[in-house]
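Q: Hi! Could you walk me through the aromatic contacts in this one?
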Amino acid sequence: MEKFQVAVVGATGMVGQRFVSLLENHPWFEVKVVAASARSAGKSYAEAVGNRWAFDWPIPEKVKNLTVMDAAKVEEVAAQVDFVFCAVDMKKEEIRALEDAYARTETPVVSNNSAHRGTPDVPMVIPEINPEHTAVIEFQRKRLGTARGFVAVKPNCSIQGYVPALSALKEFGVQKVMTCTYQAISGAGKTFKTWPEMVDNVIPFIGGEEEKSEQEPLKIWGTLQNGVIVPAKRPVISAQCYRVAALDGHMAAVSVQFDRKPSREEILSRWADYVGEPQRMNLPSAPKKFLTYFEEENRPQTRLDRDLENGMGISIGRLREDPILDYKFVSLSHNTLRGAAGGAVLTAELLVKQGYITRK
C-alpha cells in the first residue's frame with residue numbers, strides 16, 4: 001500500500017512529538033513535512049526540538065533531519081501532503097483560522113486542538129463511540145467551499161476514560177454524572193524536569209478543563225440534524241479537574257445515575273462486550289479490546305495500566321453502588337496516546353476507511 005503523505009503542524013511541542021513518534025512505523029501514514037512557528041522554520045527538526053524532546057527514545061531517524069517548515073505558509077506545506085495533523089499552541093481564533101486555511105487548500109485537517117470542538121459542523125470523534133458524526137463533513141465542505149478539505153477534531157483528553165465507560169451504558173438512560181479527574185502533567189505539555197513544582201503536589205484547577213469535561217460529552221452523544229451536530233440535552237455532568245503528580249495518564253472517579261438502574265452484572269457485561277467500528281474495521285491503531293475491567297480493588301493504577309493496548313485501551317475498576325446516585329467507578333486513559341495524538345491517528349484511520357481522506 002502506498003502510504004499517505006502527512007504533515008505534522010505544531011511538530012515541536014509535546015503532542016507534535018507524540019505524532020512524530022507514533023507515525024514512525026505506521027503502515028498507512030508517513031511524515032513528509034514537519035511544521036512549526038517561524039522561529040523554528042529553517043532548522044532541522046532535531047535542532048528545533050533541541051533539549052525539549054520529551055521521551056526516553058530518540059527522535060525517529062526519518063524525521064530528525066527534515067527541515068522544519070513555517071506552519072503559517074499554508075500553501076507551501078499543503079502542496080506536499082495528502083492531509084495534516086494539527087497540534088499548535090496558539091490562540092483559539094488563530095487556530096481556527098489556520099485550520100480552515102489548510103482545509104481550503106483541499107487538505108483535510110485532523111486536529112488535536114480544542115478551537116473547533118464547538119463548531120457545529122466539525123465532527124468531534126471518539127471513533128469507537130460516534131463514527132457516524134463524520135457525515136457532517138459534507139455539510140462543512142459546503143460552508144468552506146471545498147471538495148476534499150475539512151477539519152475533524154478529537155475531544156479533550158480528560159473525558160477519554162469516563163465517556164467510553166458511560167457510552168456502553170446508554171441503554172439504561174444516563175441521567176446525572178459527577179466526575180473528578182486526576183490529570184497528568186503531560187496534559188499541560190510538561191515533564192517533571194520542566195515543571196519541578198509539580199513534584200509532590202496537586203493543583204485543584206486546570207483552566208477551561210471543567211467546562212470542556214461537562215460540555216464535550218454532550219456533543220459526542222449528540223445527533224446530526226440539518227447539517228450540524230446537535231448536542232444531547234443530558235446527562236447533566238458536574239466535573240472537577242485536578243492536576244496531579246503523574247507524568248502520563250488521566251484518571252476519573254465517576255458517580256452516575258440512570259433512568260433504569262442496571263444490575264452490576266449488566267454493567268460489567270456491557271463493558272466486556274463493547275466493540276466499536278475501529279475494532280470491526282481492524283484499524284491499525286485500534287485496541288483489540290476497547291474497555292477492560294479490573295476486578296482488583298486497587299486497579300486501575302496510572303503506572304500499571306496507562307499503557308494498556310499500546311495506550312489506546314480504557315481501564316475501568318472499582319464498580320460499586322453509590323449512596324447518593326446509583327453507581328460509582330474509576331476509569332483511566334493515556335492522555336497523550338488515546339487522549340491526544342493516538343486518538344487523532346485513529347480518527348484519521350477511520351476517515352480513510354470511510355473515504356473522507358483520499359490521496360491528492
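This is a predicted model: local features need pLDDT of at least 70, side-chain atom pairs count only at pLDDT 80 or more; totals for chains, interfaces and linings use all residues.

Q: Trp-53 and Phe-55, buried or exposed?
A: Trp-53 and Phe-55 are both buried.

Q: And what about Trp-271 and Phe-329, what's the geometry there?
A: Trp-271 and Phe-329 are also an aromatic pair, edge-to-face, with 5.3 Å centre to centre and 70 degrees between the planes.

Q: Which parts of the chain does that pair link?
A: Distant ones: Trp-271 belongs to helix 9 (residues 264-273) and Phe-329 to strand 15 (residues 327-333), 58 residues apart.

Q: Why does Trp-271 count as buried?
A: Because its relative accessibility is 2%, and the cut-off for buried is under 20%. Phe-329 is buried too, with a relative accessible area of 2%.

Q: Switching topic: which rings are linked into a cluster?
A: Ring pairs join Phe-4, Phe-19, Trp-28, Phe-29, Phe-83 and Phe-85 into a cluster.

Q: Nice. Which residue lies over the face of Phe-4?
A: That's Arg-359, at 4.1 Å from the ring centre of Phe-4.

Q: And what lies over the face of Tyr-327?
A: Lys-261 does, at 5.3 Å from the ring centre.

Notes. Residues are numbered from 1 along each chain as its sequence is written. Side-chain values use heavy atoms; hydrogens and water are left out. Buried means under 20% relative accessible area, exposed over 50%, partly exposed in between (1.4 Å probe, protein chains only). Rings of Phe, Tyr and Trp (its six-membered ring) pair if their centres lie within 6.5 Å; planes under 30 degrees apart count as stacked, over 60 as edge-to-face and the rest as tilted. Helices (H or I, at least four residues) and strands (E, at least two) are DSSP runs, numbered from the N terminus. A charge sits over a ring if NZ of Lys or CZ of Arg is within 6 Å of the ring centre and within 35 degrees of the ring normal.
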